[in-house]
Amino acid sequence: VRKLMLGDIEGDDVIKTLIQGLRNNSMITSLCLTYLNIHSEGSKALKQVLLENKTLRVMVLDNCIKSIEIAEVVAEGLQNSAGVTQLQLQNIEGDDVIRTLIQGLRNNSMITSLFLTNLNIHSEGSKA
């Protein structure tokens, strides 16, 4: 599998298991997570994929990050991502969540393309 889209999946254990399976997948180049209800364990698994998978180039997060706690974990993965060069953040609300994700990119030297779509950014989020 080179491209994988996971959407509308409930249950952090299910999400965690699916994402963990990608950690050492040497074929995947694109991962689109859309409308997932990611919680603590799912976000930790996603962080590990970002840190360890060297073939993953495109990451889409669409309406998946709904709390500052989850954003912090994902931002840690984005900050030192092993291979992601293109990131798409879509349908994310909350200045704190958006600011945390963007701040996680400040020291990232791998990402060459960043797409921000349908973000509900207020004055604090725009400062990030």
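Which residues in helix 1 meet which residues in helix 2? Asp12, Ile15, Lys16, Ile19 and Gln20 in helix 1 meet Ser40, Glu41, Gly42, Ala45, Leu46 and Val49 in helix 2. Meeting here is contact, that is, heavy atoms within 4.5 Å.

## Basis

This is a predicted model: local features need pLDDT of at least 70, side-chain atom pairs count only at pLDDT 80 or more, and totals for chains, interfaces and linings use all residues. Residues are numbered from 1 along each chain as its sequence is written, and side-chain values use heavy atoms, with hydrogens and water left out.

Helices (H or I, at least four residues) and strands (E, at least two) are DSSP runs, numbered from the N terminus.

## Helix 1 against helix 2

The axes of helix 1 and helix 2 are 8 Å apart, at an angle of about 10°. Axes are lines fitted to C-alpha atoms, for helices over the stretch in contact; angles run from 0 to 180 degrees between N-to-C directions. The two helices are therefore roughly parallel. Angles under 35 degrees count as roughly parallel, over 145 as roughly antiparallel, 65 to 115 as roughly perpendicular and the rest as oblique.

The residues of the contact of helix 1 with helix 2 divide into five nonpolar, three polar and three charged. Ala, Val, Leu, Ile, Met, Phe, Trp, Tyr, Cys and Pro count as nonpolar; Asp, Glu, Lys and Arg count as charged; the others, Gly among them, count as polar.

## Helix 2 against helix 3

Helix 2 and helix 3 also pack at an angle of about 10°, with their axes 8 Å apart. That makes helix 2 roughly parallel to helix 3. From helix 2 come Ser40, Ser43, Lys44, Leu46, Lys47, Leu50 and Leu51; they meet Ile70, Val73, Val74, Glu76, Gly77 and Leu78 in helix 3. The residues of this contact divide into seven nonpolar, three polar and three charged.

## Salt bridges

The whole structure holds five salt bridges. The criterion is a side-chain nitrogen of Lys or Arg within 4 Å of a carboxyl oxygen of Asp or Glu. One of them joins Glu41 and Lys16, at 3.8 Å from N to O. Glu41 is in helix 2 (residues 40–52) and Lys16 in helix 1 (residues 12–20), so the pair links distant parts of the chain, 25 residues apart. Glu41 is partly exposed, with a relative accessible area of 31%. Lys16 is partly exposed as well, at 25%. Buried means under 20% relative accessible area, exposed over 50%, partly exposed in between (1.4 Å probe, protein chains only).

Lys47 pairs with Glu76, the closest N and O atoms being 2.6 Å apart. Glu76 is partly exposed, at 38%. Arg99 and Asp96 form another salt bridge, with closest N and O atoms 2.3 Å apart. Both lie in helix 4 (residues 95–103), three residues apart, about one turn of the helix. Asp96 is partly exposed, at 42% relative accessibility. Salt bridges that share partners join Lys16, Glu41 and Lys44 into one network.

## Ser81

Ser81 sits in the loop between helix 3 (68–79) and strand 4 (86–90). Ser81 is buried, with a relative accessible area of 7%. Its side chain reaches the backbone nitrogen of Val84 at 3.1 Å and that of Gly83 at 3.5 Å. Leaving aside neighbours within four places in sequence, Ser81 is in contact with Leu50, Asn108 and Met110.

Note on methods. Polar contact = N/O pair within 3.5 Å; in protein donor to acceptor, adjacent residues only side chain to side chain.
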